[in-house]
Amino acid sequence: MKSAQCKKCLKKFHQKDIFTIQQFQYRKIPTYKWSLDFFKKLEIDELDSFCENCMMGYSKKSKAEWDKLKG
Ligand SMILES: [Zn+2]
């Protein structure tokens with residue numbers, strides 16, 4: 001049963017396939033603290049569920065923003 005829903009594209013998917021911004025704890029840059037601030041501005045917190053596609057999009061978007069600011 002598909003019980004989870006992506007906050008961004010509203011696609012339904014399986015609970016086990018949920019992605020959250022917590023996965024960004026494991027990337028070195030941007031730092032997690034910076035990432036949390038970035039997503040806060042987009043009204044996304046650590047408990048929001050996303051599909052893999054949207055999470056990848058946010059990953060790129062946040063990295064691009066970081067590069068713009070720090071580069
Ligand atoms: Zn999605």
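## Contacts and model basis

Of the contacts in the chain with a separation of 6 or more, 68% are between residues 24 or more positions apart; two residues are in contact if their C-beta atoms, placed from the backbone, lie within 7 Å. The model is predicted, so that local features need pLDDT of at least 70 and side-chain atom pairs count only at pLDDT 80 or more, while totals for chains, interfaces and linings use all residues. Residues are numbered from 1 along each chain as its sequence is written.

## Overall architecture

The chain contains 2 helices and 2 strands, and the order of these elements from the N terminus is β-β-α-α. Helices (H or I, at least four residues) and strands (E, at least two) are DSSP runs, numbered from the N terminus. Strand β1 covers residues 4-5, and strand β2 covers residues 12-13. Helix α1 comprises residues 32-41, and helix α2 comprises residues 52-70.

The C-alpha trace spans about 45 × 20 × 15 Å along its principal axes. Of the 71 residues in the chain, 15% are buried. A residue is termed buried if 20 or more other C-beta atoms lie within 10 Å of its own, exposed if 12 or fewer, and partly exposed in between, with C-beta atoms placed from the backbone.

## Backbone features in the loops

The loop between β2 and α1 holds proline 30. The peptide bond that leads from isoleucine 29 to proline 30 is cis, and its omega is near -10°.

Leucine 10 is placed in the loop between β1 and β2. Its phi is near 65°, a positive value in a residue other than glycine. Leucine 10 counts as exposed because it has 9 C-beta neighbours inside 10 Å. Glutamate 43 belongs to the loop between α1 and α2. The phi of glutamate 43 is near 60°, again a positive value in a residue other than glycine. With 8 C-beta neighbours inside 10 Å, glutamate 43 is therefore classed as exposed.

Which residue lies in the segment after α2? Glycine 71 is found there. Glycine 71 has 6 C-beta neighbours inside 10 Å and so counts as exposed. Between the C-alpha atoms of glycine 71 and lysine 8 the separation is 28 Å, the two residues being 63 residues apart along the chain.
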